[in-house]
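This report describes selected local features of one protein chain.

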Amino acid sequence: MKPPIERRRTDTGPTPDSVLDLGWGRLIFGQTFTDPDRIAEALEGELPDRRDIAVYVRDPHVVLANAPQEVFLDPSHTYRLELSTYRASRRAQSGFFLRRLTARTDAEAINRIYAARGMVPVPPDFFWSTRDARTVCYFLAEDETTGEILGTITGVDHSRAFNDPERGSSLWCLAVDPQARHAGVGEALVRHLAEYFAARGLAHLDLSVMHDNTQAITLYEKLGFYRVPYFSVKRKNPINETLYTGSDHDETLNPYARIIVREARRRGIRVEVTDGERGFFALSQGGRTIRCRESLSELTSAVAMSICDDKTATRALMEKTGIDVPAEITADAGREAVEAFLAAHARVVVKPARGEQGRGVFVGLTTMEELDHAIEEAGRLCDTVLLEECVEGEDLRLIVINYRLVAAAVRRPPSIIGDGRKTVGELIASQSRRRAAATDGESSIPLDAETLRTLKAGGHDTETVLPAGEELQVRRTANLHTGGTIHDVTDIVHPVLVDAAVRAARAIGIPVTGIDLMVRNPTAPDYRFIEANERPGLANHEPQPTAERFVDLLFPQSMPATVRQAAAETGNPEAHA
């Protein structure tokens with residue numbers, strides 16, 4: 001257990017009752033407290049929407065005994081790296097570089113990654129005000145080509161924080177963008193922080209990691225960290241609830257159902273999970289019960305669902321409504337008609353009239369041989385196969401709930417970045433594992449005929465070794481279930497695109513939908529309608545309030561009074577339900 005720090009005659013000793021604010025919460029250094037009561041009292045000062053952590057608590061059982069209803073023992077392990085024996089890697093990272101926080105936009109990027117990882121955000125002004133502090137340091141990983149922030153890490157110098165005679169340091173908030181295509185971002189950030197503190201004469205680097213985070217623990221042990229018996233105590237609050245209440249009924253649910261269930265529980269709405277594996281649950285409040293399958297609820301009519309399910313019906317309705325749609329024919333129109341369609345549009349999309357999650361969709365076909373194969377494959381999923389002109393641009397998903405835009409995001413096909421050592425097949429497998437880990441297994445890159453065709457079109461196969469830094473798109477479709485990535489554009493999407501999405505939802509008569517448009521740029525008005533989805537994945541759009549607006553729709557009275565009043569003032573009829 002963590003021994004108390006003894007004062008030596010040659011120094012003034014550590015700062016007593018030391019506390020350090022990190023924006024998301026405070027670090028309460030337990031080894032500087034002589035009275036366990038004082039640790040519990042310090043935790044009582046936790047601010048709303050923050051997560052304080054009392055670390056290095058020597059007698060956690062005594063702290064808990066003093067405030068059993070207010071604090072709990074954090075189920076995390078503590079690991080240590082001895083900086084005197086640490087050895088730097090000889091392998092240089094490729095495609096990204098590491099740097100300090102230098103601009104306010106960096107703070108916004110860090111919070112974006114925190115939100116994607118379910119972490120507590122930090123006020124941007126706090127990042128900016130502490131950017132030059134020597135006690136706390138922030139490092140970022142930036143993509144060399146795009147300038148995107150890929151990951152972040154925070155370090156604390158204990159010597160400067162509380163005059164630590166052990167010359168220790170700690171690592172906090174290691175977070176990598178779940179959609180980062182570069183391998184080794186997390187490892188590079190940890191190594192950089194370790195080398196930074198080693199160069200400043202510090203003795204060790206500690207970190208706290210959840211006991212079941214096997215992926216992170218594997219990385220830390222690979223770098224030389226070993227487990228030490230130090231304990232942390234946290235305060236019982238809504239952020240920490242799952243840590244002290246144990247597992248609930250959400251375990252069997254996928255992320256798309258789980259985000260709704262948790263929002264409902266937060267509001268005191270009763271949840272009954274009827275079939276977790278398939279995403280079925282029922283929500284009840286005030287004598288009203290609504291059954292759902294993820295974001296599909298009883299409020300969506302069977303007619304609306306049928307329209308979304310049949311792409312030919314959807315297209316006909318959109319065309320009648322005045323929504324711009326791509327040219328289209330069916331595969332059974334005859335050989336001559338298919339050949340003429342290909343000649344007229346040069347590049348064609350083949351997809352089943354019914355289906356979801358990108359199955360059976362082939363994009364950018366240019367030859368009859370490719371068309372024949374795609375039609376055969378799509379025909380295995382649905383009797384009716386569609387051929388559409390291939391519209392150049394990006395895939396834009398707009399989430400419309402109660403006929404209002406809640407979120408908009410550009411979806412991009414999966415791609416890999418070479419490192420000069422691994423084959424394309426190995427890079428795809430590695431990228432697929434990262435996507436699966438970041439999405440609870442919901443997203444991965446299948447090594448199927450479509451992937452192989454895309455590689456071949458780019459002059460590669462699975463045995464090709466990509467040069468370091470070279471990017472290769474490995475599929476044409478941007479569907480998230482097949483490894484695509486999603487990038488929020490809610491704040492910049494053009495009003496014409498928003499209007500098209502809302503009009504499409506109203507034409508179908510569907511209260512919750514994901515409208516897919518092909519656009520050249522989300523800030524421009526040009527588009528083509530692709531399809532409407534009756535069960536969009538709301539979890540893909542965090543931190544936009546998709547789950548909140550979904551539950552607002554189902555149970556308007558569960559909204560805070562101020563929100564209901566604002567909705568009523570803007571003419572939302574559901575606010576009066």
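## Packing of two helices

Helix 11 crosses helix 16 in a right-handed sense; a crossing is left-handed if the near helix is turned anticlockwise from the far one by less than a right angle, and right-handed if clockwise. Helices (H or I, at least four residues) and strands (E, at least two) are DSSP runs, numbered from the N terminus. The model is predicted, so that local features need pLDDT of at least 70 and side-chain atom pairs count only at pLDDT 80 or more, while totals for chains, interfaces and linings use all residues. Residues are numbered from 1 along each chain as its sequence is written, and side-chain values use heavy atoms, with hydrogens and water left out.

Two packed helices are described by the angle between their axes and the distance between the axes. For helix 11 (residues 311-321) and helix 16 (residues 495-508), the angle is about 115 degrees and the axes are 10 Å apart. Axes are lines fitted to C-alpha atoms, for helices over the stretch in contact, and angles run from 0 to 180 degrees between N-to-C directions. Helix 11 contributes Leu-317, Met-318 and Thr-321, which meet Arg-503, Ala-504, Ala-507 and Ile-508 of helix 16; contact means heavy atoms within 4.5 Å. The residues of this contact comprise 5 nonpolar, 1 polar and 1 charged, where Ala, Val, Leu, Ile, Met, Phe, Trp, Tyr, Cys and Pro count as nonpolar, Asp, Glu, Lys and Arg as charged, and the others, Gly among them, as polar.

## Aromatic rings

The structure contains 8 aromatic pairs. Rings of Phe, Tyr and Trp (its six-membered ring) pair if their centres lie within 6.5 Å; planes under 30 degrees apart count as stacked, over 60 as edge-to-face and the rest as tilted. The pair of Phe-127 and Tyr-138 is edge-to-face because the planes stand at 75 degrees, with the ring centres 5.0 Å apart. Phe-127 belongs to helix 4 (residues 124-129) and Tyr-138 to strand 7 (residues 136-143), 11 residues apart.

Both partners are buried, Phe-127 at 1% relative accessible area and Tyr-138 at 3%. Buried means under 20% relative accessible area, exposed over 50%, partly exposed in between (1.4 Å probe, protein chains only). Ring pairs join Tyr-114, Phe-127 and Tyr-138 into a cluster. Elsewhere, Arg-288 lies over the face of Phe-555, 5.9 Å from the ring centre; the criterion is NZ of Lys or CZ of Arg within 6 Å of the ring centre and within 35 degrees of the ring normal.

## Backbone geometry

The peptide bond from Glu-542 to Pro-543 is cis, with omega near 10 degrees. Pro-543 is located in the loop between strand 27 (528-533) and helix 17.

Asn-163, although not a glycine, has a positive phi of about 60 degrees. Asn-163 is found in the loop between helix 5 (158-162) and strand 9 (168-176) and is partly exposed at 37%. Ala-346 has a positive phi near 70 degrees, lies in the loop between helix 12 (335-345) and strand 18 (348-352), and is partly exposed at 45% relative accessibility.

## Two buried residues

Asp-552, in helix 17 (residues 546-554), is buried at 7% relative accessibility. Not counting residues up to four places away in sequence, Asp-552 touches Arg-267 and Met-559.

Ala-282, in strand 14 (residues 280-285), is buried at 7% relative accessibility. Beyond its neighbours within four places in sequence, Ala-282 contacts Arg-270, Val-271, Glu-272, Thr-289, Ile-290 and Arg-291.
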